Amino acid sequence: MRCADVERLVTEYVDGDLDERRSSALRGHLRVCAACAARVEDEVAVRETAGSLAPLEPPSDMWSAIDAKLAEAEIADARRSRIWLWWQRALDGVRRHPLPVGLCGAAACAVIAVWLVRGGEQSATHPHHQLAEVSPEVKPSTPSAPVESGDPCDTVATHDEQTLCQMQAADRRYLDAIAELTQVIAEERAGWPAAQAARFDAAVAELDRAAGDELKRLAVVPPPPAVAGRDPLYSIYQKKIDLLSRAAVGGSP
Amino acid sequence: MDDDPVDIAASKKPSALAVVRPARRAPTAGDLADDAVLVEACRRGERRAMEALYHRYKRRVFGLVTRIVGPNESEEVAQEVFVRIFRGLGRFRGDSQLSTWIYRLAVNAALSHVTRRPRHEGDEEALAKLPAPEVSDSDPSLSQRLERALAHLPAGYRAVLVLHDIHGMNHEEVAEILGCQVGTSKSQLHKARAKMRELLGPALAAERAEQRGGGNR
């Protein structure tokens with residue numbers, strides 16, 4: 001046993017984790033080496049002193065402060081959107097069952113990736129894109145044609161009527177989405193701070209005004225109905241959906 | 001219902017040849033049952049249970065946090081730890097002991113705080129001024145010096161030394177709390193104690209001299 005060995009083994013020795021044979025050798029070295037004996041004594045003193053330190057007492061009002069912070073956090077939770085709460089529950093599920101949820105998540109990501117790639121090819125990300133692709137050459141224009149999709153617009157008589165019908169259907173899809181999101185927001189909005197609610201209302205009002213102006217412009221456009229002519233209106237609808245979606249997941253409007 | 005972190009065998013004089021391991025009270029079945037009952041009640045939002053849980057762990061959490069982050073910000077960090085504990089109890093699965101889980105939250109919060117804040121001399125000076133508690137130790141001045149010397153250890157060494165030597169945990173528990181290997185805990189403790197011996201050199205020499213003087217009388 002050398003002094004370097006003592007330095008290497010001193011912590012294990014002092015903690016009683018060293019095997020008996022090496023402990024005996026170390027003790028033998030300590031009998032003839034004063035420097036190493038002092039080193040071991042110092043190590044023991046450090047450990048014993050650290051172990052004898054009294055616990056530190058927290059301030060007497062710390063519980064009150066913690067209780068207040070907990071109350072604050074719970075009130076903030078109550079103001080959060082249902083989507084946020086659902087998301088937190090999903091995250092808890094991931095933490096509890098990382099493997100199955102991870103596999104499901106990976107599968108869902110794969111499905112979304114495929115859908116996005118295929119969706120990108122088909123340009124089907126907006127309600128009215130389906131309409132924009134309608135072509136008189138490929139769409140049957142008579143009610144007797146086979147109806148695979150069950151689309152009521154396939155049963156109308158003329159191409160203009162069909163285009164009009166599909167534009168109205170696209171309008172409905174946008175407006176339904178807006179109505180649904182507006183309903184979700186209405187419940188959350190009650191808990192928003194006044195300034196946040198005012199900002200949100202102003203942004204919604206501006207989009208509503210723009211949509212109203214666009215509808216007035218479309219109302220005086222002479223027939224036949226033009227698909228491309230509704231693009232500005234659909235762009236406004238899409239902006240409103242984006243705004244409502246952000247607000248629904250707790251983002252600031 | 002406060003329980004102290006360590007039940008160290010009373011004031012033995014250090015000796016190189018007769019190393020005595022600190023006696024540490026093992027958790028009893030009653031403790032575990034109480035913890036389980038408390039956790040369930042806390043999950044139901046019962047304030048009295050939450051306060052009882054707080055009182056059970058307040059000294060351990062506050063002491064650990066104070067010795068890692070220093071006294072100036074310890075209260076803020078300790079409060080944050082308890083908020084995380086109560087808000088996270090729903091995710092406590094009981095795979096480990098409640099105390100281990102709480103220690104893990106406390107150490108993580110303290111180390112994150114230390115690594116996040118800008119490093120300047122004031123923090124270390126504040127930690128160095130940590131008042132020595134009223135100890136019944138043979139040499140209060142050595143305790144005080146050790147408290148101050150903690151400030152000069154790297155945060156990782158400090159955490160291991162506090163958990164192992166002050167809170168009386170074994171390396172398996174320290175490794176579980178810190179999320180490291182047992183060997184890493186051992187090696188960090190070895191380095192932490194070596195640094196401590198270096199920092200406390202003159203005080204330890206005086207301690208030795210006093211013991212020899214006392215022994216010779």
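Student: What does the accessible surface of chain A come to?
Tutor: About 14900 Å², with 60% of that area belonging to carbon and sulfur atoms. Bear in mind that this is a predicted model.

Student: And how much of chain A is buried?
Tutor: Of its 253 residues, 33% count as buried.

Student: How many helices and strands in chain A?
Tutor: There are 10 helices and zero strands. Reading along the sequence gives α-α-α-α-α-α-α-α-α-α.

Student: Contacts next. Of those in chain A between residues at least 6 apart in sequence, how many join residues at least 24 apart?
Tutor: That share is 64%.

Student: Where does Trp192(A) lie?
Tutor: In the loop between α8 (159–189) and α9 (194–219) of chain A.

Student: Buried or exposed, that Trp192(A)?
Tutor: Trp192(A) has 12% relative accessibility, and the cut-off for buried is under 20%, so Trp192(A) counts as buried.

Student: What is Trp192(A) in contact with, leaving aside neighbours within four places in sequence?
Tutor: Ile185(A), Ala197(A), Phe200(A) and Ala247(A).

Student: Switching to rings. How many aromatic pairs are there over all chains?
Tutor: Eight. One of them is Tyr174(A) with Tyr234(A): the ring centres are 4.9 Å apart and the planes are at 20°, so that pair is stacked.

Student: Which parts of chain A does the pair of Tyr174(A) and Tyr234(A) tie together?
Tutor: Tyr174(A) is in helix α8 and Tyr234(A) is in helix α10 (residues 231–248), so the pair links parts that are 60 residues apart in sequence.

Student: Are Tyr174(A) and Tyr234(A) buried or exposed?
Tutor: Tyr174(A) counts as buried, at 0% relative accessibility. Tyr234(A) counts as buried too, at 1%.

Student: Now chain B. How are the rings of Phe92(B) and Trp101(B) arranged?
Tutor: Their centres are 5.1 Å apart and their planes are at 45°, so the pair is tilted. The stacked class needs planes under 30 degrees apart and the edge-to-face class over 60, so 45° falls in the remaining class.

Student: Buried or exposed, those two, Phe92(B) and Trp101(B)?
Tutor: Phe92(B) is buried, with a relative accessible area of 11%. Trp101(B) also counts as buried, at 12% relative accessibility.

Student: Last one. Which residues do ring pairs link into a cluster?
Tutor: Trp63(A), Tyr54(B), Phe82(B) and Phe86(B).

Note on methods:
Residues numbered from 1 in each chain as written. Chains lettered and ligands numbered in written order. Predicted model: local features only at pLDDT ≥ 70, side-chain atom pairs only at ≥ 80, totals over all residues. Heavy atoms only, no water. Helix = DSSP H or I, 4+ residues; strand = E, 2+ residues; numbered from the N terminus. Buried < 20%, exposed > 50% of the residue type's maximum accessible area, 1.4 Å probe, protein only. Contact = heavy atoms within 4.5 Å. Areas by Shrake-Rupley, 256 points an atom, 1.4 Å probe, with all protein chains shown as cover. Phe/Tyr/Trp six-rings, centres within 6.5 Å; stacked < 30°, edge-to-face > 60°.
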